[in-house]
Amino acid sequence: MKKALEIQGISKQYRIAGKEHFWALDNIDLDLGQGEVLGLIGANGAGKSTLLKILSRITAPTKGQIKVYGKMASLLEVGTGFHPELSGRENIYLNGSILGMSRASIKARFDEIVDFAGVSRFLDMPVKRYSSGMFVRLAFSVAAHLDSDILLIDEVLAVGDADFQKKCLARMEDISKAQARSIVFVSHNMGAINSLCDRVAWINQGKLQATGAPNEIIEQYLGGLEQLNADSNPAERSDREGDGRARFQQIEVKAKDGSKLIKSGESLELSLAWESSAQAKEIRLELHLFNSRGNYLSSFQHQLKGDQQKAQLSIPELPLMSGRFFFNAHIYLDGIRADFLGRACYFEVLSDEWQQNEVAVQRQNPGVEIKNSWQS
Amino acid sequence: MASQWKELTQYRSLGISLARRDFKVRYAQTKLGTLWALIQPLLSMAVLFLVFQRALQADTQSIPFLSYTLSGLIFWGFFNYNLSQGAASLIQARTMLQKIYFPRILLVLSKSLVASVDLIFVLILFVFVAFADAHFTLFSLGSFVAALLMSFFASQGLALWFAALSLRFRDLQQIIPFFAQMLFFLSPIAYSPELWHTALNEKFQILLYLNPMMGILEIWRAGIFELGFSANINGISVSIAFSLALFLSGWIYFQKVERKMADLL
């Protein structure tokens with residue numbers, strides 16, 4: 001495959017207060033093929049955005065170099081450079097030229113841009129009177145019609161309504177597949193990354209942790225998060241409660257096929273294992289489900305004989321929205337609590353229809369999907 | 001320098017778009033709109049007339065006060081807009097600088113396009129006011145072009161320096177209005193530069209010409225009013241050389257810090 005972009009040994013150092021230095025990026029080597037969609041994932045502050053800023057030439061790297069084959073355009077935040085007093089029409093020209101298009105090429109694509117955004121009736125109205133949805137649609141539309149060979153996109157899909165989201169995804173797919181243009185795409189939305197990217201690079205604390213197929217890297221990344229949030233081994237955690245007659249040894253969430261990619265509406269398997277140092281007639285397991293914000297969602301209970309040492313919880317059609325969740329786990333021996341682990345197990349739910357419930361996504365407080373229908 | 005030039009020509013649409021934005025936004029939602037481009041110099045003229053003509057009876061080289069002063073305001077307006085708007089342009093566009101790449105220098109340079117539109121308004125006003133006193137000849141056209149180029153180089157040079165330095169030293173943003181006001185009084189807009197001859201020792205006079213407006217106004221008035229060069233050629237040469245030096249050094253310094261700008265904001 002022909003290369004569109006080569007990143008060679010890029011490092012970026014920032015100075016924080018006085019003489020202290022901090023490497024935001026440390027020796028990143030990465031390249032991008034023509035027509036390829038590369039996803040960048042990593043925790044907040046891992047360096048993804050810094051890398052995009054260097055690629056788009058907003059800031060210079062401390063070390064290393066970048067080779068670009070073709071014209072590059074960045075879409076680091078839609079609507080930057082829009083002026084509220086100017087009309088939609090004027091803003092299309094202004095924004096287009098800020099993004100590097102000539103007036104002639106904006107003119108040639110003008111109708112396409114307006115159609116895509118669906119704002120033709122409001123073209124001569126100042127954008128300050130636009131609804132936020134219209135504003136975002138127009139802004140994305142200008143950027144989506146850039147005549148660049150490489151497009152850098154940072155979290156733009158977190159905006160707009162569900163229909164427009166789908167349009168944007170389709171547009172991005174079209175840009176990469178039909179027009180053989182390359183995209184570097186940064187997002188925290190694993191669903192979007194998974195369905196859109198050909199390859200994923202995971203950046204961790206300024207270093208390139210891994211690159212590869214989206215499935216694999218996302219799984220590794222989520223696995224890493226799990227380790228970060230809870231000790232890898234529940235047996236070794238010291239922040240536990242209960243009288244200690246039993247100790248959880250393993251608490252693990254998987255999909256039915258054994259992978260860590262858990263999808264909304266599909267199955268979830270939670271396996272529990274424990275060791276007990278005392279005889280008991282009866283064991284009771286209690287699990288509480290919370291979302292990443294710590295809001296309670298549901299509980300699960302199971303009673304079993306005292307000599308058992310493991311159990312498995314199956315949820316056939318997981319009714320959760322996309323987002324992060326965790327379980328708290330309790331074990332009772334003969335009615336008295338023997339062990340408790342808070343945030344015992346984190347997992348991330350992906351959704352193919354990850355923007356279906358737009359209102360819910362905006363709250364960033366994932367809850368449950370409830371089947372419903374409306375009559376009116 | 002060659003590759004920069006190529007890039008600037010690629011982005012020339014942006015320069016024009018930025019200027020259009022500034023122009024449209026400036027008088028957006030005002031009742032009088034573009035008329036303000038005429039009202040402002042007229043109001044300045046009224047005040048200057050009271051102070052310099054009525055109160056101080058300043059010499060205007062035998063040219064009627066209104067024509068003389070308006071001839072000065074044409075270039076002062078251009079110079080001042082470039083200087084103050086250009087110097088603040090980077091800080092004003094800070095979100096853009098952090099989000100998108102484009103040649104940053106266009107933010108400063110594009111102010112000249114807006115300033116030129118204002119200049120044309122005042123120039124038209126001048127043609128009406130000074131119809132009897134001015135000499136519209138080829139020579140005066142030449143002096144106009146020379147004065148315009150000098151104003152461009154000098155004001156843009158200062159603006160580039162201020163804009164680039166003020167990212168590191170925000171205090172400069174406080175100094176700019178004061179600096180512009182100082183230049184206004186030091187420039188022979190509503191009084192004759194000859195006043196300085198009697199007021200100052202010859203050694204210091206040459207220093208006055210470090211203010212580019214001295215040279216600009218003398219060149220322009222020499223043409224339009226057929227005054228001849230009242231001062232020495234030396235002074236004017238200092239003005240010209242200093243204007244060019246400001247522009248060149250400002251450009252070079254600006255390019256040097258351009259890639260660090262997003263980190264400084």
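**Aromatic rings and their neighbours**

In this predicted model, A:R284 lies over the face of A:Y332, 4.3 Å from the centre of the ring. Chain B has an arrangement of this kind too: the charged end of B:R221 sits over the ring of B:Y68, at 3.7 Å from its centre.

B:Y68 also belongs to a cluster, in which ring pairs link it with B:F75, B:F126, B:F144, B:W220 and B:F225.

Next come the ring pairs. Over all chains, the structure holds 29 aromatic pairs. A pair of aromatic rings is described by the distance of the centres and the angle of the planes. For B:F126 and B:W220, the centres are 5.9 Å apart and the planes stand at 50 degrees, so this pair is tilted. The pair connects distant parts of the chain: B:F126 is in helix α7 (residues 111-129) of chain B and B:W220 in helix α12 (residues 212-224) of chain B, 94 residues apart. Both B:F126 and B:W220 are buried.

Another pair is formed by B:F247 and B:W251, with ring centres 5.8 Å apart and planes at 55 degrees, so it is tilted. Here both residues lie in helix α13 (residues 233-258) of chain B, four residues apart, which is about one turn of the helix. B:F247 and B:W251 are buried.

Methods. Residues numbered from 1 in each chain as written. Chains lettered and ligands numbered in written order. Predicted model: local features only at pLDDT ≥ 70, side-chain atom pairs only at ≥ 80, totals over all residues. Heavy atoms only, no water. Phe/Tyr/Trp six-rings, centres within 6.5 Å; stacked < 30°, edge-to-face > 60°. Helix = DSSP H or I, 4+ residues; strand = E, 2+ residues; numbered from the N terminus. Buried < 20%, exposed > 50% of the residue type's maximum accessible area, 1.4 Å probe, protein only. Lys NZ or Arg CZ within 6 Å of the ring centre and 35° of its normal.
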